[in-house]
Amino acid sequence: MQMNNNIKVIMMGLGYIGLPTAALIASKGISVLGVDVQQKVVDTINNGKIHIVEPELDGIVKHDVDRGYLKAAITPQKADVFLVAVPTPFKGDHQPDLSYVESATQMILPQLEEGNLFIIESTSPVGTTEKMTNLIFSERPELKNKIYIAYCPERVLPGNVIYELKNNDRAIGGIDEASTQQACDFYRLFVTGDLHETNARTAEMTKLVENASRDVQIAFANELSMICDEADIDVWELINLANKHPRVNILQPGTGVGGHCIAVDPWFIVSEFKEKAKIIRTAREINNYKTEWVIEKIKNKALEFELKEGRKPIIACFGLAFKPDIDDLRESPALHVVQSLIDQGLEVLAVEPNINSQSNGAGLNIISMKDALEQMDLGFKLVGHKSFRKLPEDIVKFVNG
Ligand SMILES: NC(=O)c1ccc[n+]([C@@H]2O[C@H](COP(=O)([O-])OP(=O)(O)OC[C@H]3O[C@@H](n4cnc5c(N)ncnc54)[C@H](O)[C@@H]3O)[C@@H](O)[C@H]2O)c1
């Protein structure tokens, strides 16, 4: 198939990855139908609006919808290129949950035609593209060797997605050479970063390894922060000094590790390579433990206050999102801290300037920074949002900045 602006693209999943990708493709004058199982999401986009917080995205979506290049629907239609960017969480026992990818693939199946390109962007365990290939060919055997199938992971930074979608390099792995080539031709329409050709399994593992690598490095910093606390050493100063070494670059510790990627993807390696993935598993455990450690620290401070004042303190927690300057609460360690303190009977005021207090979805009463500072007895900074830079000195900081 000739890749040019006349192709029609279907994007399955209009979340943090799918919507910006669909919008960027449509901004090149390519016709894109975004498909999502949530009617509210479909309606919002068809009204030229967005349902997530991401700089620049609202203007691009509005422009695309006004010009007729971006539409949304509940079900897919026939197209030339099908992209899948649906969730890939893990189940209770840390096993990858591929049900969303399978269901999106099932929805596409009746629409597939000879010459189509099918690409999975969802972060996936090694072998997922092969599994979906088998699913497609078992249901539509006549398409064997007649469609192109590839895997191309996304590695954007929330908050800077539009820039990174365009400029980041991509690893693109087809189930065969022709699929890799077709997928590269497609991404060349809207990506200016380098496109690196590989096979589907390597592309799948590339994404998992990127996030596992970050997780291991953050675990090192988090472990240091707990050691330094016991040794009465300021961990921020320590890391700053150690990083003066020309070949040392220690990351910053925090409340833990959250989000849809780094806190999840390493388990996709651990669950499949149980005996070999020792550092990767330990890093996950350290980063999870850091969050429990923060909870214990806050509880101890609350107890000290109660013993001194004869009443329980009002605690203010600054930040709920899983990292600075976004509204995303998925797998958020700060949210876990706040919910756990409340569950244990403490009075907690939550401050999250990136989330509308009426619709936070977390069931929490979110108040303004000003009100929290006025009402609190004890304050704890859990997320390094820019707007928290000028918090008073007596706030206990679990994050830098
Ligand atoms: N958010 C990130 O920063 C990021 C970065 C890199 C990779 N990823 C990966 O990208 C994938 C998507 O992540 P996200 O953050 O965009 O998720 P998201 O939850 O924000 O969005 C997913 C969307 O898919 C929709 N959906 C679910 N099942 C569907 C189906 N069968 N058909 C159509 N739509 C369906 C949901 O309603 C939702 O709107 C995941 O695998 C994730 O790990 C995310």
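Is Asp328 buried or exposed? Please keep in mind that the structure before you is a predicted model.

Asp328 sits in a loop, the one that runs between strand E9, residues 314-318, and helix H12, residues 333-343. Its relative accessibility is 4%, and because buried means under 20%, Asp328 counts as buried. What does the side chain of Asp328 make a polar contact with? The partner is the side chain of Arg330, at 2.9 Å. If we leave aside the neighbours within four places in sequence, Asp328 is also in contact with Tyr16, Ala321 and Phe322.

Tyr16 brings us to the ligand. A polar backbone atom of Tyr16 is 3.0 Å from an oxygen atom of the ligand. For Asp36, the side chain takes part: one of its N or O atoms is 2.6 Å from a ligand oxygen. Val86 contributes through its backbone, where an N or O atom lies 3.4 Å from an oxygen atom of the ligand. On its own, the ligand has 830 Å² of accessible area, and the protein covers 93% of that.

Which residues come nearest to the ligand? Of the 26 residues around it, they are Ile17, Asp36, Gln38, Thr88 and Thr123.

I turn now to the aromatic rings. How many aromatic pairs does a search of the whole structure find? The search finds five. One of the pairs is formed by Phe318 and Phe388, and its geometry is edge-to-face, with 5.7 Å from centre to centre and 80° between the planes. Phe318 belongs to strand E9, whereas Phe388 lies in the loop between strand E11 (378-381) and strand E12 (396-397), so the pair ties together parts that are 70 residues apart in sequence. Phe318 is buried, at 0% relative accessibility, and Phe388 is likewise buried, at 0%.

A further pair, Phe380 and Phe398, is stacked: the centres are 6.3 Å apart and the planes are at 15°. This pair also links distant parts of the chain, with Phe380 in strand E11 and Phe398 in the segment after E12, 18 residues apart. Phe380 counts as buried at 1% relative accessibility, and Phe398 counts as buried at 8%.

Finally, Phe186, Tyr187 and Phe190 form one aromatic cluster.

Thank you for your attention.

Technical notes: Residues are numbered from 1 along each chain as its sequence is written. Side-chain values use heavy atoms; hydrogens and water are left out. A residue is near a molecule or strand if one of its heavy atoms lies within 4 Å of it. A polar contact is a pair of N or O atoms within 3.5 Å; within protein, one must be able to donate a hydrogen and the other to accept it, and residues adjacent in sequence count only if both atoms are side-chain atoms. Accessible areas come from the Shrake-Rupley method with a 1.4 Å probe; for residues, only the protein chains shown count as cover. Helices (H or I, at least four residues) and strands (E, at least two) are DSSP runs, numbered from the N terminus. Buried means under 20% relative accessible area, exposed over 50%, partly exposed in between (1.4 Å probe, protein chains only). Contact means heavy atoms within 4.5 Å. Rings of Phe, Tyr and Trp (its six-membered ring) pair if their centres lie within 6.5 Å; planes under 30 degrees apart count as stacked, over 60 as edge-to-face and the rest as tilted.
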